[in-house]
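Trainee: Could we go through this one together, step by step? I would like to learn how to read a fold.

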Amino acid sequence: MTGAAETLAALAGGLADGTIRVVDLTNTLSPDFPVIVLPAEFGQCEPFRMERVSRYDADGPAWYWNNISMNEHTGTHFDAPAHWITGRDVPEGTVDRVVPRDFVHPAVVIDISAESAADEDFILTRAALERWEAQHGRIPPRHWVLLRTDWYKRVGTPEYLNLKDDGAHSPGPDGDAMRFLVHDRDCVGLGVETVGTDAGQASRFAEPLPAHSILHGNGRFGLQCLTNLDKLPVFGSIILASPLKIEGGSGSPLRVVALVAGRAG
Amino acid sequence: MTAGRPYRPVRDPLTRPIERHVPPALRSRAMHAMSAHAALGRFVLQHCTDCGAVTYPPRDICPACWGDLAWADQARGATILAETVIRTTTDLYFQAHLPWRIGTAALDAGPVAIVHLHRDLAVGDRAAMQLMLDKGGNAALFALPVQGEDPMADPQWREFVVPVHDRAVLVTDGDTALGKAVVRALVAAGAGAVFAGTSAPSVPALAADDPRRAAGVRQVPLDLTDGRSVARCIAQLGGPIDIVVNTARFVRPGGVRADAGLLHQKRALDLGVLGLLRLAEAVAPILAGRPAGAFVDILSIHALAGDARFAGFSAAEAARHSLLQSFRHEMRAAGVRVLAVFAGAIDDADHQSQPSPRVAPARLAQGVIDALALGREQHCVGDVARDLMDRWLADPATTLREQNG
């Protein structure tokens, strides 16, 4: 066998014997799962909806199925470059054109859960990232950067969207942090547990919505509404994230899983 | 905000529930015409277009001269000539409501009629005649005292109206200006428990003057665009509901070709039309089990004649108007009243671009209470709605042209 074939065989063996775990990073797609709320003058994101077609009844005696509808950005979802105006001219910028190579990438997990617990509007800066690298090591190229905020533990409560009179309040990066991750560290994309890659108040930043703007303008991706990031190691996990092949689509709900070395502890 | 439920004696769970019946329904076309007027609260009788004689009960030709008959509003005064109490009957509905007082009344309009009698009326008394709908949806003459106590104290009168006092009410979209006004009006009318549906993704803290802070009001998650949310809400109310007031609507301007705003129109249809279906399916069995169940839907008067500036919304309202007629038909056998309360533009954020006069949410909410207390099936609140309804009743084709000329 060639080296690559041996690598794949070893992966299969590790999955079979449990020394490589599969961690689900996906929230359940349900009508209750909150969607991003924009100011009323804009079009709104449709939540997930499900209508039963049949359940072993007159409409289908032996089968059960539902019609479902949702926005491309409902639930745990993938943002393609074309989602943002900065990425409108990025080649292969829609979900149907994302190259399969990009469905599988390693990840680095940056834990800002303590900061987010202390300040729900916590802003991740370049300086904070450099401090993080001094402690943990350099962020490798072509990795997903996953921001662990433990925000997923708020799912099912109003504190998940955390809407106040002046909009949503949740942590996120600033523009310099995004430029550092994209240009200096060549990240594949940014993955977050919150409902958007940007902070809840990021539309009020001097440089508004920097994560969307800088990621997608440079052909990078976003993953939102992830769960279980606290169950991943800082380095070494591999993310499988394959959006639906929607013609011309700007994003897609999807199942995101991570491959992690070591048995469940 | 925990809502107490109105006190009711506990029924022995081993006894069979009482089956409810409605008065006999087989009626002539002329009688249906009288019922259609009663639904709007009009007091009408037929008069002959040849000899002018006023006639009752409804007929197809004048009994005096064989001339043609036309409906016209009549004086409501009457004098009670005789009274009797029915103590036995083969009719299942009246069997359950005996004894029942009826009498004959000399109507100021001319005819002598057999009428349902309020308990305070005696022979020789002057009476104010009401043209009511019975539980089966058919017109009936009811004689009320000219002055006196609230007629609601008479159990016989309560069979023709929908009491709100002490009843449990569900209000959909109770977090809008209109929804809040309806909650406030229901509390003021003495509702026993008010469940204010909220479709917001999260429930914010309520302002000090928010009616949903009142004793007896409880917020419940309820999103009419999600069938599961509706089913779960109804299941979690923890008991029967007597009245449902549907205030849900999605109002956005837009034409057919010009600025159609398809997403907005789709939402108007999903919330307004499919939402009504989801709600009706969930609440119908509960309302059918109540002694005086009612379903109130607040409709734009443009359900009758569309407004080209709000084409999608008007279409949704027209579809609801159609659904309500079918729902009314389905609920008749159970004696559940299905009401449409019509209004023009409401004085809320949805109608900022609309010229005055606009109906204040509080006034529309009071209209809902009035429609229930008066036993209406259709009720117009505000001059815009009343004017359009009058023109539409007189000449629908011309009204359609006038509206969108």
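Mentor: Here are some questions and answers on helices, a sheet and a few backbone details. This is a predicted model, where local features need pLDDT of at least 70, side-chain atom pairs count only at pLDDT 80 or more, and totals for chains, interfaces and linings use all residues. Residues are numbered from 1 along each chain as its sequence is written, and chains are lettered from A and ligands numbered from 1 in the order in which they are written.

Trainee: How do the directions of helix 5 and helix 6 of chain B relate: roughly parallel or roughly antiparallel?

Mentor: Helices here are DSSP runs of H or I with at least four residues, and strands are runs of E with at least two, numbered from the N terminus. The axes of helix 5 (residues 227–235) and helix 6 (residues 262–288) of chain B come within 9 Å and cross at roughly 20°; axes are lines fitted to C-alpha atoms, for helices over the stretch in contact, and angles run from 0 to 180 degrees between N-to-C directions. Angles under 35 degrees count as roughly parallel, over 145 as roughly antiparallel, 65 to 115 as roughly perpendicular and the rest as oblique. Therefore helix 5 of chain B is, relative to helix 6 of chain B, roughly parallel.

Trainee: How many bridges join strand 13 to strand 14 of chain B?

Mentor: Strand 13 (residues 294–300) and strand 14 (residues 337–343) of chain B run parallel. One place to look is Ser300(B), which stands opposite Ala343(B) in strand 14 of chain B. The number of bridges joining strand 13 to strand 14 of chain B is seven.

Trainee: Is Tyr56(A) buried or exposed?

Mentor: Tyr56(A) sits in strand 2 (residues 49–57) of chain A and has a positive phi of about 55° although it is not a glycine. Most residues other than glycine have a negative phi. A residue is buried if 20 or more other C-beta atoms, placed from the backbone, lie within 10 Å of its own, exposed if 12 or fewer, and partly exposed in between. Because Tyr56(A) has 10 other C-beta atoms within 10 Å, it is exposed.

Trainee: Which residue does a cis peptide bond join to Ser356(B)?

Mentor: Omega is about 0° at this bond.

Definitions and conventions: Pairing = 2+ DSSP bridges.
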